[in-house]
Structures are given as C-alpha cells and as structure tokens.
Amino acid sequence: DEKQRYEELDEKINSLQQREGEVKDLQERIDELAGDIAERQEKAESLEAEIEEIEEEWEATTHPEELDEEINERKARRQQLKNERERLEEQLERLRDTDVDAPCPTCDRPLKEEHRSDAIDQREERIDAIETERAGLSEELSNLRDRREEARDVKRRADKLPVHREKIESLEAEIDDLQSEKSETKETLD
C-alpha cells in the first residue's frame, strides 16, 4: 500500500517536473517572442523616422529639374556674353588696325583719334564688365551644380520611400503574427 503511494507520488513528481520543464520552455518562448516583437518595433520606428526625415528634406529641396533650368539659363547667358566679348574683341582689333581718317570699322565715319580712343575705351570697359559677369555666372553655376547633386541625392532617397513603407507594413504584419503567437503561448501557459 505504501509502495503504491510512493509510486503514485513518484509519478506526480515526474509529471510535475515534466510540466515545469514545459512551463519553462513556454516562458522562454514568450520572452523570445517579446524580444523579436521589440526588435521589429524598433526597426519600424527607425524606418518611420527615416521616412519623415526624407520627406521633410524633399519638401525643403528645390527639385533637380528646376535646378537644371536655372543651370541652362546661366550657361546660355554665359555663352551670350562670350559671343559679345568675341565680337567686341574683333571690333577692338579692327579699331586698333585702322588708320586715322580712314572710315571707322564700326560706324563708317572718318576715324579721328579721339573717336578711336573713346571707342576702344568703351569696348575695353564692356569686356571687363563681361568678364566680371561671366566669373559671377561661373560661380553661380558651380553652386547650382552642387545643389542639383544634393537634390538628386535627396530625390534618390525619396524614390525609395515606397520600399521603406512596404518594409514597415511587412514588419507590422510580422509583429501581429508574433503577438498572436505570444498570446497563444500565454494561454497555453495558463
């Protein structure tokens, strides 16, 4: 009779030890799931913050196409000035090569020294002004090209926003699945 009680108690102990092992395994799985959930939530939050940052940056950025237009306008203006300078240099050369009293190469009146001197001074001043403006345009072009490159970088990042959003949706689906498994595991535990 006592032997049977010992055997019954032994069975209960074994059963409880087995149950204790199962409980421990379930608790470990719950902890593991909680860690996986937290990890995915962190990833999703990080992506959301990145999306927000990219959207704000894109909002504040002049679009590359607009910068292309500005660049083309500056290049056209610089070319105009170059052509004007070349024309003025040709006129200067002709003015300097023309003898006094010969017809003026720019207006066909008889060329007097004072008229030639004034015409040369005017053209040299205009050439200096052109060079100053061209230098300014070159500087602007350099800045615009830098801005365009930055804008293209932002655009490339903005173009990836749908991929980031899909990744967040995927993470949220994984989180839901993990939370369901965690709830089921807790119910099994209870």
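Buried means under 20% relative accessible area, exposed over 50%, and partly exposed in between (1.4 Å probe, protein chains only). This is a predicted model, where local features need pLDDT of at least 70, side-chain atom pairs count only at pLDDT 80 or more, and totals for chains, interfaces and linings use all residues. Residues are numbered from 1 along each chain as its sequence is written, and side-chain values use heavy atoms, without hydrogens and water.

Q: Why does Asp108 count as exposed?
A: Its relative accessibility is 62%. The cut-off for exposed is over 50%. Therefore Asp108 counts as exposed.

Q: Where is Asp108, and what is its phi?
A: Asp108 lies in the loop between helix 2 and helix 3. (Helices are DSSP runs of H or I, at least four residues, numbered from the N terminus.) Phi of Asp108 is near 70°, a positive value in a residue that is not glycine. Asp101 is found in the loop between helix 2 (64–97) and helix 3. Asp101 has a positive phi of about 75°, and it is not a glycine either.

Q: How do you know that the span of helix 1 agrees with its number of residues?
A: The expected span is 1.5 Å times one less than the number of residues. Helix 1 (residues 2–60) has 59 residues, so it should span 87 Å. Its end C-alpha atoms are 86 Å apart, which agrees.

Q: Which residues of helix 1 are buried, and what do they pack against?
A: The buried residues are Leu26, Ile30, Leu33, Ile37, Ala44, Leu47, Ile51 and Ile54. They pack against helix 3 (113–159) and helix 4 (161–189).

Q: What makes helix 1 roughly parallel or roughly antiparallel to helix 4?
A: Their axes come within 9 Å and cross at roughly 160°. (Axes are lines fitted to C-alpha atoms over the stretch in contact, and angles run from 0 to 180 degrees between N-to-C directions.) Angles under 35 degrees count as roughly parallel, over 145 as roughly antiparallel, 65 to 115 as roughly perpendicular and the rest as oblique. Therefore helix 1 is roughly antiparallel to helix 4.

Q: Why is helix 1 called oblique to helix 3?
A: The two pack at an angle of about 140°, with their axes 9 Å apart. That angle falls in the rest, so helix 1 is oblique to helix 3. In this contact (heavy atoms within 4.5 Å), helix 1 uses Glu53, Ile54, Glu57 and Trp58. Helix 3 brings Ala151, Val154, Lys155, Arg157 and Ala158.
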